[in-house]
Amino acid sequence: VGFASVRDPDFDFADPTKRFFLIILAAIHEYYIGLLKMHISKAKRQRARAGLYNASIVPFGYAASGDPQQPPAIMPKEAEAIRFAYEKYATGHYSHVEIMELLTEAGYRNRQGKRFAKDTVADMLGNPFYMGKVIYRGDHGKAEEILDGLHEPIVAEELWESVQRVRAS
């Protein structure tokens, strides 16, 4: 493997001093990236504890407020689709595919104007954001903390819990 540097074109791996310098530079950059990751994680946890959403795209049913310090607002037509899916699924009579079909038949579409996918429906039905919660995800994407959000819930906590029981069964 060769190495070419625009800033230092005479860099030569055959020279032990220059090879050592490259290792030092790599270690410094790795240290910087580690610090950056730690600070970003701390800031995201703090935002979640303050009840604010951390991702760049808010879940279907909501619109970003335009101010990162303000919670997203409910989009009435999208929220209607969310409630419809939750209410139907809570009965225990429908699968994710059937909910997807019911949403399509009722005229609901995703943000791209297309029908919902089965996996989108599954994610939607398991997202605690819809009952007014925010999630702080730690390492490897696992939910570490589920906290109260500042945003208005689309579904009641009882309905969300009922859907989770159906999903578990």
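Here's a quick briefing on the ring pairs, the nonpolar core and the salt bridges in this structure. It's a predicted model, so local features need pLDDT of at least 70 and side-chain atom pairs count only at pLDDT 80 or more, while totals for chains, interfaces and linings use all residues. Residues are numbered from 1 along each chain as its sequence is written, and side-chain values use heavy atoms, with hydrogens and water left out.

**Aromatic pairs**

- The whole structure holds 6 aromatic pairs (Phe, Tyr or six-membered Trp rings with centres within 6.5 Å; planes under 30 degrees apart are stacked, over 60 edge-to-face, the rest tilted).
- Phe60 and Phe116 pair up edge-to-face, at 5.1 Å centre to centre and 85° between the planes.
- That pair links distant parts of the chain, 56 residues apart: Phe60 is in the loop between helix H1 (16-49) and strand S1 (62-63), and Phe116 is in the loop between helix H3 (96-105) and helix H4 (118-125). Helices (H or I, at least four residues) and strands (E, at least two) are DSSP runs, numbered from the N terminus.
- Phe60 and Phe116 are both buried (under 20% relative accessible area; exposed is over 50%, partly exposed in between, with a 1.4 Å probe and protein chains only).
- Phe84 and Tyr108 make a tilted pair, with 5.6 Å between centres and 45° between planes.
- Because Phe84 sits in helix H2 (residues 76-90) and Tyr108 in the loop between H3 and H4, this pair ties together parts 24 residues apart in sequence.

**Nonpolar core**

- The largest nonpolar core has 32 residues, and Ile82, Tyr86, Leu103, Phe116, Tyr130 and Val155 touch the most other members. Such a core is a set of buried Ala, Val, Leu, Ile, Met, Phe, Trp, Tyr and Cys residues joined through side-chain atoms within 4.5 Å.
- H2 supplies the largest share of this core, 7 residues.

**Salt bridges**

- There are 6 salt bridges in the whole structure (a Lys or Arg side-chain nitrogen within 4 Å of an Asp or Glu carboxyl oxygen).
- Glu80 bridges to Lys77, with the closest N and O atoms 3.6 Å apart; both lie in helix H2, about one turn of the helix from each other.
- Arg111 and Glu78 meet at 3.5 Å, N to O, and the pair links distant parts of the chain, 33 residues apart. Arg111 is partly exposed at 37%, whereas Glu78 is buried at 16%.
- Lys133 and Asp148 meet at 2.4 Å, N to O. Lys133 is buried at 16% relative accessible area, but Asp148 is exposed at 54%.
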